[in-house]
Structure formats: structure tokens, C-alpha cells
Amino acid sequence: MTSFFDKNYQTPAWFAEKKVSRRKLLKSALGAASLAALPTFAVSVKHQQLLELKKRDPWLTLDATLSHLLPKSTASNDISAQGIHALEYLVQVMTVQPTKQDEKDFILKGVGWLNSYANSEYRQVFVALTFEEKELLLREVSHSNAGRNWLSTLIDYIFEAMLSPPAYGGNPQGVGWQWLEHQAGFPLPKKGQCYFELPARARAKNIKASSLNIETKV
Amino acid sequence: MKNIKSPDYDICIVGSGAGASPVAYTLAKAGAKVLVLEKGPWLTEKNFFKDELAISIHDAYNPKLEDEQHVIEEEVQDSEGNKFWQGEKTSDSGWSWWNGSVVGGSSNFMSGYFHRLKPIDFRLKTEFGGINGANIADWPISYNELEPFYAIAEQKIGISGRVVEHPHQEPRSTDFPYPPIAELPMSSWIDKAATSIGYHTVPVARAILSKPAMGRRSCEYSGYCSSYGCSTGAKGSGRAALLNHAVATGNCTIKPNAKVYKIATDDKGEISGIHYYDAAGNKRSVTAKTYVVACQAVETSRLLLASKGKQFPNGLANNNGQVGKNLLFSGGGTGSGDFIYDQLTEKQVNELKVVGPFINRALQDWYQIDDDTFAGTNRNGQAKGGTIDFLFHQNPIARASGTQWGSFDLGTAEDNSAGEEQGSDKLLWGEELKQSIKHEFTSYKTLRFEVFNDWLPTDDCFVTLDDEVTDQWGDPVAKVRIGYHNHDLEVGTYLAEKAEKLLVALGAKNISSSVSGYPSTNLMAGGCRFGDDPKTSVLNKNCQAHEVDNLYVTDGSFMPTGGSVPYTFTIYANAFRVAEHIKQQWFGITEIIK
């Protein structure tokens, strides 16, 4: 596939039934080989690191997209992608959590497809567009199956950023729970206690270390 | 004189959940040297958090399906109407059949609704006769034989509850050892509504400590219970309630990350040892005087089927071909109704918003159906019925998921900004998305119910070994055929309609229910049914293999029929019963040696 609008993309029957795992959904949208591996980070992405990341793609475009999907408003007690640390959470999903490579590839490919489409329509990259232009572009993208899946995937991660324990990088001080009047349970995991940091399971001898579910840090 | 090496342990138990832990506890307390081999890691209260990502989204307490999986055979139909069974790997479907692969097993993640079976469950065939297409069999023991062990389990596990007079109350020798855990306002709403329509509610006993005891803290009402691991020790998992005490005797060794792949037998058909992979994948073996298998129904059958030997070419204790047969799940389904905040008083809304305590209400008025209008396979409206439990869900990410699709109802057509797209799959974002998710979380609360009725044993529900798919160690995985009997749906639908009437009486809106033949993978039993006839059962009434004297199966595999309640309590009680038998056997062996 080369764009959200590739005619070869077919939505499987199970998507219509909404009984499909997100992983399967993403696999169906992928065609080409994986992009280069992203650098990895410690569980907590430091503020300064994030500021640097946001200056360049893919994070620049992803930040702009997330902010468009869940924008700031003037209303008090409102919520936004920035307020729930959606990008920080997504960075963690892409570089710290043991997220499947095909899912990460799909998110990254979407960045390329989005900017290609923005260029074809406006001769600018996505972040340079006005709010109205972004809205029109994303609405067009959402009319393609692959585009709709890409945007919905980002929105699913917005929900995770908004409603998962703060140890995962989003939902600072539980702002998402407060906004939705949701009472969280306790105890919550702290740094070092995330799902991928639980004690390891037994492994067969012939399993290569590279496929182990272990955290990688720089 | 020939030097015969004595076994490494008195008792070797494969698995560590509700079927295994009572045996480890009882025998270690009695002084026997016990080894528990558990495939998963040994976690403690410090490893359990109210973390939806860990429990639901990433299923972190279970193996990855690429490493360990199942093959599930469903009946499908081609375009010409021909039916056939088609298998699918769970790594392809994403449908995990694991329920907690850690020390303590799935009991760490149970809701802990501890209903006892009732006397009628032990003699289903005698009471209701046979049903075409179902392999119904009476149990070889009665309720009265198991009752003392329900009482022991209530004490040792720490069950909270209260006894009330009820049309279907089973006989009890004792009261509950712990008072009920705190209840939500919804509990009294249900009581009142039930009374108004002639129903009788039952307070649900829970495997949750209502006060500190036995070295465990009581429930702290964190609001997330159900499938979440307990960080206080209040939930009566086999690990928290029994294994910790077993280890404290100094007689019980638990080896986590030890994956048993074969029970070996010699030319005479006697068990020569248990073979397992350690955490690093090295092959190990161990011997014992007595062997106990309790890996949960599917994996227990898988292990026996994989344990072939000269005397057991079809798998251990399987010369009659019964291992893996008559697998059981729970029949029934789920339903729900919504309480719309703007249709309620402020007091009612505030009561609905209380989080922490439990509903703990069930209906068992139709545990035995006696209703001429019941249209199922029956004798003049007589049939075995079931149980209805009520609950709230908490998982916020799951609740948010889907609100990005434009089908939300903001109340009236006039003010519905998504009205044009309502019912379509318009993807919402921006202010529309905010409205949608805010509406989802703050405008109503859903009361859910679960129906439990018998999953009749049939020839289309069983475990075999798959010919092609293997686990990460290269061993064949279990293939599970999941056929069901239509009678299960008829009973489930009957009960769901009764539950819906209660939701109507409660004033709930958007009431619906769903009863299907899909198995409840967290509620499994059968596969090694016990019985008096060695030709038709795998185990005798003591859950001892007919063909192998020192082999016992103590998880839910023994059940020839499952009853109409969740299985865990009965698995605990039966394992305590069998443990007592094994203890007496062990005392006998010890005396002979002396």
C-alpha cells in the first residue's frame, strides 16, 4: 500500500462485525516491510526529551493529529490531547511497551501517508495546515478504510492515555478519570510495575532473546 | 539387597489453583512432603494492581498466544448448507483460553461468587431423565457427602455471606464463617424490586474476607474486583488462602515456571516420574508416591492425552477413550439494563455512583424449573434451571472504546449534533468525540446480569491433541471442540427473560440479553469425569484414576455434569474431599513403611 486510498485495501468481514482484535485490523492494512526501528526510551519520557521529539517526525505529525482529534477548548474543566499527555503515552507505546511491530509500522506509515496527502492537496505538510484544512483532510482520510482504521487506532490510544494508570505516561494526576467522574481502583502500578514489567514467564530453550518480552532502554 | 531409590516427594501436584491448593495444604499440614509444579510465575499481592492495561488489554497474567495457545473447533456451514467442524488457532483469533497462568492459577482472578451446588445437581439424570444428544450421568457421590467439605472450604478460603430462607436453599451444616462484605445501595434496590414481582433474592456468598483473618487483610473495597488480582489477600485464591500456609509448614515446595509435559509410565503401567521444563527450558524430572493433576480442565486432559506409554497408547488412564470427553462450560449468557441519570432523583443517582462495595445479589427461584410454559426439552415443564447474578463493570478503557463511532444518543433528535450520522459508522473526533465519551460516562450506569445454567455434556464438546500446532516447547497443543446442546440455550433464554423482568421492575431502560452457545472459557470442567463404571469414566468416586492407583485429578475435570453455578467453590470443596482421601492413603503407606 502507498496511501490511505489504495484500492487494494479491503476491509475484512470480521471488521464489519466489530469482533476483531486491533492487531488483526492493523495487519490487514499493512503491505510493505517494516520501517527502521525507533529509538527506545525509559518508561518516563522526560519533558525535555519530548520537546525535542515533537520537533520532528513522526512525532511532530502525530502530535498535531492527536491534538486535532482531541483539541483544547476554552471551556473550563475541559480535556485535551495535550492535557492527558497523549503524545507522551503514544511515545511510550511505540518505544517502551512491547507493542507489536506491525502495529507500530501501521502508525508510522499513516504519518507518511497523511503528509503525502497533505502535500498533494495543499502542497504543505500536515502540521502547516490551518485547523479547517486539517479538518477537511482528516475527514477525507476517514472516508477510506485504511484511513479510518488509522485514525480510530490513534483515538483508541487517546482513550488509553486518558484512562490508564499514570505510570504509563498519560492521564497525569488522573485528569482523565476526574473529567469523566470515574473512580479509579487502588493500588495503581507505579514506575517499574507496568504490565510488561511483571516477573518473566518460563521460556523454551530455542526461543531467541530478541523475541523475549523484555523492556529495552537507552 | 537391591537398593531402590525412594521417591523424591510424597505428593507431586501439577498445577496450583483451586483444585491443587487444597491438596497441597491438607497434605503439607499432615506432614507429607509436597511438590507443586506450576507453569507460571509465583506472584504475590505486590504484583497485583488495578491496572486495566495489565488485566484486560494485554492479558499480562497469561502466556502470549504465540507461545502457548489452543486450537478451537467450531461448527460452520458452507454455502451449500453442509456443516463441518473447523479449527482455528487462538493466536489467529485472539481468543485466549488462559485464565491465569500463575501460582494460584485462575483463582487469583475469579470473581468469587461462591454458590454451592444443590442436591439435585448430583442426580440430574435420575431427577430429569436423559435428553437426546446429551451424555448426562449422575454423580457417584451425593450432596451430603460433599457438604462437610463445602463447610471446610468456607472456613479455609474465608467465605463471607449470610444464610436466608429460600425456596431452593441447599442444606447446610454450618453458618458462614465471615459476615457479608459491604453492599451497594443497588442491593436493596434489587431486593425491593424482586419482592414486588414475587421473586426471592439470595445474598451471594463471596470468597472475599470481610475482616482480617488467617494472616490476610480484609477487603479494602477498591472498586475493581472481579477479574483483577487482589492486593490485600482478601480474595480467597488458592495461593493466598492455602499455598502460603502450606509453604509455611516447611513441607511444601512450589516450583514456579515449571511446565509439565509428560507423566511417564513404565512397562507395567506404573508412573515412573513427571517430566517438566524448568524456567530456562531445561528438561527435568521428579518422582513421588502419589501424583495429582489439576491444571484446569482443558490442560489436564491435554497432559493425560500427551502422557502415552506402553500400557497407555492413547494417553494416561485413557484405555477406555474417555479422557477429554464430555467437556463442560457454563451455559447461559448475559444481559443488562441502563439507569438514565436524568430520569432519576438526585438521591438515586448518588446511590448509583457509589463505587467500592458489592451488589451480591442472585436469583435462584428457577434453579429447578417447574413451569408448563417452559418450551424446552423437558417433562411437562420440569427442567433443571439455574442462577442469575448481578454486577457492575468498572473497566473505563473498555467503556470508552467505541464512543468514537457516531451512534450516541444525546437525548432528543433536536439536540443530537450527530443525528444525521446516528447509527452509521462516522468517526467522531474533536468536540463531538468529547461529547460522546462524556455522555457515555456521566449520563447513565449499566446494571448487568449473568445467567449460569448447565452446559450439557455432549459428544461434540471434547479435548484432543492437535496434529499440527505446538507450543513454544514443541509439544502439541490442546484442540477443543466446542459444540453445545440446544437445551442449554432454551434454559438460558428462560432464565434471561426472568432476569429482564427484574430489570423492568427496577426501572431500567435499554434492557437486553444475549444467550449463546459460545463457551465461557473461564468456567470449564469435565473431560475426566468420575463415576463407578471404569468403562464410562476416567476417575472413581475419590477422583483416583481407574487405571492408575497413585494418580488423582482434583480440578474441575471430574464433573460429569457441572451444575448451574460457577465452578470454583465446588472444585475447592471436592479437592478438600479428595485431599482427605489421599491423606488417609498416605497415612496407610507411611504406616506400612514403619
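**View 1. Strands β7(B) and β8(B) of the predicted model are joined by 6 bridges.** The strand β8 covers residues 271–277 of chain B, and β7(B) and β8(B) run antiparallel. Within this pair, B:Lys259 stands opposite B:Tyr277 of β8(B).

**View 2. The open sheet of chain B has 3 strands in the order β7-β8-β9.** Pairing in this sheet is antiparallel. Its edge strands, β7 (259–265) and β9 (283–286) of chain B, each pair on one side only. On average, and with direction ignored, neighbouring strands are turned by 25° against each other.

**View 3. Helix α7 of chain A spans residues 131–142.** From its first C-alpha to its last, this helix of 12 residues reaches 16 Å, close to the 16 Å expected at 1.5 Å a residue. The buried residues of α7(A) are A:Lys134, A:Leu138, A:Val141 and A:Ser142. These residues lie on the same side of α7(A) because they cover an arc of only 95° around the axis. An α-helix has 3.6 residues a turn, so residues three or four places apart point the same way.

**View 4. Chain B meets chain A through 44 residues of chain B and 42 residues of chain A.** On the side of chain B that touches chain A, the elements giving two or more residues are α2 (52–57), α10 (396–400) and α11 (431–442) of chain B. The most comes from α11(B), with 7 residues. By class, this side of chain B has 21 nonpolar, 14 polar and 9 charged residues.

How values were computed: Residues numbered from 1 in each chain as written. Chains lettered and ligands numbered in written order. Predicted model: local features only at pLDDT ≥ 70, side-chain atom pairs only at ≥ 80, totals over all residues. Contact = placed C-beta atoms within 7 Å. Helix = DSSP H or I, 4+ residues; strand = E, 2+ residues; numbered from the N terminus. Nonpolar A, V, L, I, M, F, W, Y, C, P; charged D, E, K, R; others polar. Pairing = 2+ DSSP bridges. Axes fitted to C-alpha atoms, helices over the stretch in contact; angles between N-to-C directions. Expected span 1.5 Å × (residues − 1). Buried ≥ 20, exposed ≤ 12 C-beta atoms within 10 Å, placed from the backbone. Arc of directions from axis to C-beta.
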